[in-house]
Structures are given as C-alpha cells and as structure tokens.
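This briefing covers strand pairing and salt bridges in one protein model. Please look over the sequence and the structure before reading on.

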Amino acid sequence: MNQKNYNYQTKDDWYVGKWGEKTEITSFESEDIFSEISLMITKFFRQEDLRGLQLHIIKFSSEISLLTFIVDMVNDYFNKSLSVINHRGAFILLEHAKLLSVYVPPKGILLEDFFGKDNFSYENLGESILIATRNKGKTKEFEKLFGQLGFRVENLDDYPELPEVEETGTTFEENARLKAETISKITGKMVLADDSGLKVDVLGGLPGVWSARFSGSEATDSRNNAKLLHEMAMVLELKDRAAQFHTTLAVAAPHKQTLIVEADWNGYIAHVPKGKNGFGYDPLFLVGETGKTAAELSAEEKNMISHRGQAVKKLMEVFSKWQNSR
C-alpha cells in the first residue's frame with residue numbers, strides 16, 4: 001500500500017491526505033461546513049476515484065484549492081489525467097477533453113452568468129429533438145413524453161425553410177428512416193420521424209405505405225375509405241377482413257446509428273364506417289374483438305392501445321440507452 005503523504009498549506013487552507021484501506025474524510029471545521037465540504041466532494045467525484053482516500057481538512061476557505069488537491073492525489077495514485085476548472089462559480093471535472101461532472105454551490109448560479117449574457121437564451125437551453133411533422137396533436141404527444149427526459153420538442157413549423165422529404169421508400173422503415181436521416185443531416189439535430197399505414201391481409205398488405213394516397217393524387221380520408229370499401233366489397237365474412245395499423249418510428253442523429261422501433265395494432269375492416277373521432281381509416285378499423293372502430297374511441301383510449309401508442313412505449317424503453325451509446 002502506498003503510504004505517501006500529501007500536504008497543501010497556505011494561510012487560509014491546510015489539507016493533508018494519504019491512501020489507505022478505507023475512505024475517510026475528517027475536518028477541524030464546524031459540522032455545517034464539514035457537511036457542505038463532504039457533499040461537494042461526493043457529488044463532484046466518482047466513487048471509484050475516492051476509494052481509499054484518507055483526507056483531513058485542518059483549515060478551509062477555498063473550494064477550488066481543495067478540489068484541486070484531491071485531483072492531484074487521484075492523478076498521482078491512479079495515474080489519471082483529471083483536471084478541475086472554476087467556471088463562473090461552478091466547478092467542472094474533466095478527463096482530457098471529456099466532461100465528468102459539474103458541481104454548483106448550494107446557493108446556485110444564475111443561468112445567464114454561467115452561460116454568458118451574450119450567448120444565453122432560455123429557448124436554446126438544453127437538448128432538443130425535432131419531430132418531423134407539422135401535426136400539432138402528434139407534437140403535443142411527444143412533448144409530454146420527451147419532456148420527462150429533459151428534452152425540448154420542436155416540429156417542422158419551427159423550420160419553415162426545410163424542404164419536403166418525398167416518401168419514395170417501398171417500406172415503412174425506408175420512409176421513416178429517409179425523413180429522419182435527411183432532416184437530421186440538414187439541421188444537425190436529433191430527429192424523430194414516423195411512417196404509418198393500414199395493411200389489409202386480403203389485399204396483400206395494401207394500402208400499406210400508400211395509405212395516405214390510396215385513392216390517387218387528390219386523395220382525402222373519405223376517398224381513401226370509399227376505395228378501401230370498394231376493393232373489399234366481395235369479402236363478406238368479418239374473419240376474412242383482418243387488418244393491422246402499422247407504425248415505424250425512426251430517430252436519427254449526427255454520427256449515430258438510426259434507432260428503429262415498430263408496432264402493429266390488430267383488427268378488422270368494418271363493412272360501414274362508424275364513429276366521428278380520429279382520422280384516416282379510423283372509422284373503418286374495428287379494434288380487435290371489441291366491435292368498436294378506432295373512430296369510436298376517445299383520444300386517451302386510442303393512445304393507450306394504438307400502433308403509435310405501442311411504438312412510442314417501445315421507443316421510451318430503449319431511447320436512453322441508444323442516446324448514451326456511441
């Protein structure tokens with residue numbers, strides 16, 4: 001065991017330390033000051049860097065000198081290259097060019113002081129994710145989900161200069177990936193895009209990726225529904241009218257592999273439209289064995305069990321791990 005003793009002494013600060021079998025920090029300062037010092041040290045450093053640290057604080061007045069003293073001990077004993085920077089009242093721990101931790105004193109620091117008054121704005125604070133849609137309802141749904149992860153949510157209305165990305169893919173994944181990766185490349189932002197549609201078994205999976213334009217270039221929801229009923233006019237038994245709503249979500253970011261999740265919502269195609277909620281093929285989509293169409297469900301009911309709701313749930317389960325991956 002290395003029994004080297006470390007010492008730092010000035011008029012107002014005096015620390016001694018060594019490495020031993022167990023971690024122990026003691027002080028001659030008052031209990032309140034010692035509590036604050038201990039909290040600062042344990043929040044600032046990783047436990048692995050403090051393993052075996054035996055530190056005694058005889059006199060204390062400067063946070064930066066104490067933190068630098070500990071950094072010097074860690075570097076010497078563990079052969080590391082840590083450094084500590086005092087940035088406008090906060091302390092930043094670095095290893096080479098990698099940020100390890102930031103400690104802010106209990107009294108806090110004004111954001112405009114920390115970031116600089118000339119560069120700071122609340123609108124640009126934190127990380128954002130751009131949802132590749134102009135649909136306000138969809139944007140609001142993702143705001144709630146990603147807000148819990150500390151993200152600001154933007155949509156295409158925030159970037160009117162962006163070109164429309166043509167959905168030229170032959171699969172849902174190709175279209176979702178095309179939108180997310182194209183917009184991410186242009187903006188340099190993290191982008192989420194989706195491609196959704198209706199797959200009908202007896203039609204070989206149609207309308208599929210062509211769901212939005214099933215009835216032609218002038219397609220509307222009512223025209224698409226009418227065409228679907230026409231195509232299935234001779235399919236009388238409900239059991240033969242099985243279908244699935246499908247969603248593929250793609251999240252793209254610079255220098256990262258695109259994240260893909262998918263989900264299906266099983267049901268049948270009704271003989272006549274029912275319900276006034278929802279959009280698209282909702283009035284014709286019978287939800288499982290419930291006898292209700294998607295258009296007869298409330299928005300809350302639909303979001304709990306729909307293809308998009310299931311896909312978003314899957315996304316939330318894997319998003320943080322993907323975000324932290326290289």
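Is D49 buried or exposed? At 0% relative accessibility, D49 falls under the 20% cut-off and therefore counts as buried. The model is a predicted one.

- D49 and K80 form a salt bridge through their side chains, with an N to O distance of 2.7 Å.
- D49 belongs to helix α2 (residues 47-50), while K80 sits in the loop between α3 (63-78) and β5 (82-87), so this pair ties together parts that are 31 residues apart in sequence.

**Other salt bridges**

- The salt-bridge count for the model comes to 18.
- One of the pairs joins E167 to K179 at 3.0 Å, N to O.
- E167 is in the loop between β9 (152-155) and α6 (172-187) and K179 is in helix α6, so the contact ties together parts 12 residues apart in sequence.
- K179 is buried, with a relative accessible area of 11%, whereas E167 counts as partly exposed at 27% relative accessibility.
- A further pair is K227 with E231, whose closest N and O atoms are 3.2 Å apart.
- K227 and E231 both lie in helix α7 (residues 221-231); because they are 4 residues apart there, about one helical turn separates them.
- Both are partly exposed: the relative accessible area is 28% for K227 and 36% for E231.
- In general, side chains of opposite charge can pair when their charged atoms come close.

**Strand β4 and its partners**

- Strand β4 spans residues 53-59 and is mostly covered, with 6 of its 7 residues buried.
- β4 pairs with strand β2 (residues 14-19) in the antiparallel sense, over 6 bridges.
- In that strand, L53 is the bridge partner of W19.
- β4 also pairs with strand β3 (residues 24-27), here in the parallel sense and over 4 bridges.
- The bridge partner of S27 in β4 is I57.

How values were computed
Residues are numbered from 1 along each chain as its sequence is written. This is a predicted model: local features need pLDDT of at least 70, side-chain atom pairs count only at pLDDT 80 or more; totals for chains, interfaces and linings use all residues. Side-chain values use heavy atoms; hydrogens and water are left out. Buried means under 20% relative accessible area, exposed over 50%, partly exposed in between (1.4 Å probe, protein chains only). Helices (H or I, at least four residues) and strands (E, at least two) are DSSP runs, numbered from the N terminus. Two strands pair if DSSP finds at least two bridges between them. A salt bridge is a side-chain nitrogen of Lys or Arg within 4 Å of a carboxyl oxygen of Asp or Glu.
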